[in-house]
Amino acid sequence: MHYQGTVYRPPSEARSLIVQVTLGCSQNGCTFCSMYKDKNFHIRYLDEILADFKEARELYKNIDKIFLADGDALICKYDMLATILDFIKKYFPECKRVTCYASAKSILLKSEEELINLRKKGLTMVYLGLESGSDKILKRVKKGVTSKEMIEASNKIHNANINLSVTAISGLGGNELWEEHAVETGKTLSRMNPEYIGLLTLMIEQGVPLEEEIKKGTFKLMDPYDILKETKLLIENLNCDNAVFRANHASNYLNLKGTLNQDKKELIDKLNNALKGKEYIKEEYMRGL
Ligand code: SF4
């Protein structure tokens, strides 16, 4: 197996075979993000990718799940993805799911027919980073996409019967835009209607452009209790029936999990209790990315 640089994967892919299809992130400009800074984005050669799969086949008897790394593997041309998925089907018949990171751009570049075919060939789920539902914040953090495009991309994924997992980042609007961030993220997620929602909390890693904004005083980080208030408002604005909701990442101050909309009240009750000091709030030193 030939891994290059730091390899990132969603928490739910901890036990998956990971093969790098791309290196780095096709966007790579978000002001809060430190991932893939060691790589210039490019798509690997198909023969190198298939050689990694062949090696994995020789090494491992049973592969249940496969994650196609790095950032935005869906940006590869349809033919290449179709070849990879056919190869997986042939050589890993026991594999139950194949997933990858995607972006609104890589989804919108595919035709509905191509997405439907990728699903038939075994692509079961894509992970999409919304980060914020507010266009003002998306622009500010240089995400390079609008909430409308995120919703359009989600609709295409649903039409292809591919599962959708979406993440947002608490605190991304800072003290100034927290209400807009909460309301618009809740509303946009509702319109995206994903099967899975993951909420992370902003952490500033050394060298990211947002660090500079904090130093200049143009961005103010929120404290844990304001983050909880924001999360409460976000959940109040969520209407995603049957979506699995998780805010149990190492970066979160308070662990939350439930199924929407049925557990909405329970989630809000837990946040209210936390705001009254009746729940355990993670210490800063225990947080991580
Ligand atoms: S947040 Fe996602 S899209 Fe933005 S630079 Fe990081 S990996 Fe790329």
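The model here is predicted, so local features need pLDDT of at least 70 and side-chain atom pairs count only at pLDDT 80 or more, while totals for chains, interfaces and linings use all residues. Residues are numbered from 1 along each chain as its sequence is written, and side-chain values use heavy atoms, with hydrogens and water left out.

Start with the helix pairs. Helices (H or I, at least four residues) and strands (E, at least two) are DSSP runs numbered from the N terminus. Axes are lines fitted to C-alpha atoms, for helices over the stretch in contact, and angles run from 0 to 180 degrees between N-to-C directions. H4 packs on helix H6 (residues 147-159) at an angle of about 50°, their axes 8 Å apart, and that makes H4 and H6 oblique to each other. Here, contact means heavy atoms within 4.5 Å. On the H4 side Glu112, Leu115 and Ile116 meet Lys156, Ile157 and Asn159 of H6.

H6 also has helix H7 (residues 174-192) for a partner: the two axes come within 8 Å and cross at roughly 25°. H6 and H7 are therefore roughly parallel to each other. In this pairing, Ser147, Met150, Ile151, Ser154, Asn155 and His158 from H6 meet Thr188, Arg191 and Met192 from H7.

Next comes helix H2 (residues 78-91). With 14 residues, H2 spans 20 Å from its first C-alpha to its last, close to the 20 Å expected at 1.5 Å a residue; the expected span is 1.5 Å times one less than the number of residues. Buried means under 20% relative accessible area, exposed over 50%, and partly exposed in between (1.4 Å probe, protein chains only).

Glu13 counts as buried because its relative accessibility is 0%. Its side chain makes polar contacts (N or O atoms within 3.5 Å; within protein, one able to donate a hydrogen and the other to accept it, and residues adjacent in sequence counting only if both atoms are side-chain atoms). One joins the side chains of Glu13 and Ser16 at 2.5 Å, and another links Glu13 to the side chain of Thr99 at 2.8 Å. Leaving aside residues up to four places away in sequence, Glu13 touches Ile18, Phe67, Arg97, Thr99 and Tyr127.

Conventions:
Parallel < 35°, antiparallel > 145°, perpendicular 65-115°, else oblique.
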